[in-house]
Amino acid sequence: MISQRTKYALKALMILADAASTDQPALTIEEVSKRSGAPKRFLEHILIDLRNIGLIRSRRGRSGGYMFIKQPGDVSIGELLRHLDGPIAPLPCLSRSAYQRCEDCVDEEACRIRKMFGQVYWSYLLLIESLTLADLTGGVDMIDRLSAPMPDVQQI
């Protein structure tokens with residue numbers, strides 16, 4: 001599950017990505033806060049983090065504000081989640097970026113819990129790594145995709 005902080009970060013990035021395609025690419029923190037619903041003080045920290053990882057930049061002055069500086073298709077949702085929330089693996093022994101052996105594990109190779117969650121996690125990674133910010137800004141409704149009826153196996 002993603003954190004509220006990450007939801008606000010994704011909303012802010014979508015707002016800034018949309019603004020980047022207009023003639024006024026810089027938005028004030030007040031405007032981003034108003035459009036995203038994120039409290040301004042909370043958003044300040046989020047925008048600093050997004051600037052530090054190279055997704056946005058800020059400009060001072062009368063026409064200043066925050067600007068999205070990447071192409072939405074180049075921003076991996078998986079990498080963004082890792083930057084904002086840390087490891088996304090359900091178990092520490094499955095993490096690609098912060099592997100740790102489970103404290104109570106005797107034999108990782110034979111661990112049925114690890115195998116089951118590993119299969120689920122692998123499927124999740126295939127999906128999450130294939131998504132980019134463009135998928136969020138492109139108007140494709142992922143919920144409609146996911147909630148579409150599954151084909152009847154007997155008909156196939």
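1. The side chains of R82 and E129 form a salt bridge, with N to O at 2.7 Å. A salt bridge here is a side-chain nitrogen of Lys or Arg within 4 Å of a carboxyl oxygen of Asp or Glu. The pair links distant parts of the chain: R82 sits in helix α4, E129 in helix α5, 47 residues apart. Helices (H or I, at least four residues) and strands (E, at least two) are DSSP runs, numbered from the N terminus.

2. A word on the basis. This is a predicted model, in which local features need pLDDT of at least 70 and side-chain atom pairs count only at pLDDT 80 or more, while totals for chains, interfaces and linings use all residues. Residues are numbered from 1 along each chain as its sequence is written, and side-chain values use heavy atoms, with hydrogens and water left out.

3. R82 and E79 both belong to helix α4, three residues apart, about one turn of the helix. Salt bridges with shared partners join E79, R82 and E129 into one network.

4. How covered are these three? R82 counts as buried because its relative accessibility is 13%. E79 is partly exposed at 38%. E129 is partly exposed too, at 27%. The cut-offs: buried is under 20% relative accessible area, exposed is over 50%, and partly exposed is in between (1.4 Å probe, protein chains only).

5. The side chains of E31 and R35 meet at 2.6 Å, N to O. Both residues lie in helix α2, four residues apart, about one turn of the helix. An α-helix has 3.6 residues a turn, so residues three or four places apart point the same way. E31 is partly exposed at 23% relative accessibility. R35 is partly exposed at 46%. The count of salt bridges comes to seven.

6. Now helix α1. Residues 4-20 make up this helix of 17 residues, and from first C-alpha to last it reaches 24 Å, close to the 24 Å expected at 1.5 Å a residue. The expected span is 1.5 Å times one less than the number of residues.

7. T6 deserves a look. This residue lies in helix α1 and is buried, with a relative accessible area of 0%. Which residues does T6 contact, leaving aside neighbours within four places in sequence? They are L81, L84 and D85, where contact means heavy atoms within 4.5 Å. The side chain of T6 makes a polar contact with the side chain of D85 at 2.7 Å. A polar contact is a pair of N or O atoms within 3.5 Å; within protein, one must be able to donate a hydrogen and the other to accept it, and residues adjacent in sequence count only if both atoms are side-chain atoms.

8. Last, F117. This residue lies in helix α5 (residues 112-130) and is partly exposed, with a relative accessible area of 33%.
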